[in-house]
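Please keep the sequence and the model in view while reading.

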Amino acid sequence: MIPSLTRRAALLGGLCLCCLPRPGFAADALSMDEVAPGVFIRRGPDAEATPENADGIANIGFIIGRDGVLVTESGGSLADGQWLRREIARRTDKPIRYVMLTHVHPDHVFGAAAFRGDNPTFVGHAALRGALDARGEFYRQRLAEILGGDKAGEVVYPTMDVKDGAEIDLGDRILRLTAHGSAHTTCDLSMFDTGSGLLFPADLLFVGRVPSLDGSLLGWFKEIERLKAMGAADAVPGHGPTRVAFAPAMADLARYLSALRDETRKAVAAGVPIETAVRTVAQGEKDRWALFDTYNGRNVTQAYQELEWE
Ligand SMILES: [Zn+2]
């Protein structure tokens, strides 16, 4: 807050502090980007869940269509989802008709409870239900330990399962949904908005923050090709800037995943034990990504277990 106020004061030159917008208002106004007409996205910081950020670490937002609102990502906790719901209410009184649950990770689904009272359709990959059965309660407990039980939220299941693909009509635009094969997770759902031409790959695209592998490394390469074939120029990634040029951003991700694949394969072939591989594989990518040391070792473990059976 202080640095941004200082910057703002510098920009505004002679204005005294009392002339500036209230900090709360300024922060709120800055925190949602209108990345295309009627498409609002909040950038999540490159951080882990803390009491201060309420697990609001993913890029979340909404699309205002002619007939109602679609929530592109619900948020990382009940508190984060409630914040998003207030942001929607500030901009439209149209009904919230759809809430996307893009995959099982807590920073993408625990805001959903904030929308229950709106009675929307909760949309998820056909495999999301099983993934929530396996992990939902564990994630909820962990989140409650970090944030406190009243802020964590609860597990919300999809009421619309997408098996291969589906379309949602908001009146002036169609959202084309694709249920992906195992990649970032086993239940990744992407969305293409015909209104804005934007692709919403969720966590199939990380920008700046190191990707986390929780599905299939080789599968992820396949799904990258499917996403490319959709032909979108720009995308809203799951983490990173709120709107990016798709091709170069995806090329960066593919470069990291290629290093992870190729160097893990080499380690497996040379009989390097997994405990050593986690410290040596893909180290050339270290300075290119936020949170690299937090996730790369886990990614190597996952890749090693997948590739040793090739
Ligand atoms: Zn994720």
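The buried residues of helix 10 pack against helix 7 (217-229), helix 8 and helix 9 (274-280). Helices here are DSSP runs of H or I with at least four residues, just as strands are runs of E with at least two, and both are numbered from the N terminus. The model is a predicted one, in which local features need pLDDT of at least 70 and side-chain atom pairs count only at pLDDT 80 or more, while totals for chains, interfaces and linings use all residues. Residues are numbered from 1 along each chain as its sequence is written, and side-chain values use heavy atoms, with hydrogens and water left out.

The buried residues of helix 10 are Phe292, Tyr295, Asn296, Asn299, Val300, Ala303, Tyr304 and Leu307; buried means under 20% relative accessible area, exposed over 50% and partly exposed in between, with a 1.4 Å probe and protein chains only.

Two packed helices are described by the angle between their axes and the distance between the axes. Axes are lines fitted to C-alpha atoms, for helices over the stretch in contact, and angles run from 0 to 180 degrees between N-to-C directions. Angles under 35 degrees count as roughly parallel, over 145 as roughly antiparallel, 65 to 115 as roughly perpendicular and the rest as oblique.

The axes of helix 8 (residues 246-269) and helix 10 (residues 292-307) come within 9 Å and cross at roughly 55 degrees, and the two helices are therefore oblique to each other. Helix 8 contributes Tyr256, Leu260, Arg261, Thr264, Arg265 and Val268 to this contact (heavy atoms within 4.5 Å), and helix 10 contributes Phe292, Asn296, Asn299, Val300, Ala303, Tyr304 and Leu307. These residues divide into eight nonpolar, three polar and two charged, where Ala, Val, Leu, Ile, Met, Phe, Trp, Tyr, Cys and Pro count as nonpolar, Asp, Glu, Lys and Arg as charged, and the others, Gly among them, as polar.

Helix 7 packs against helix 10 at an angle of about 95 degrees, with the axes 9 Å apart, which makes helix 7 roughly perpendicular to helix 10. Here Leu217, Leu218 and Gly219 of helix 7 meet Ala303, Glu306 and Leu307 of helix 10.

Helix 7 also meets helix 8. Their axes come within 10 Å and cross at roughly 160 degrees, so helix 7 and helix 8 are roughly antiparallel to each other. By class, the contact of helix 7 with helix 8 has 12 nonpolar, one polar and three charged residues.
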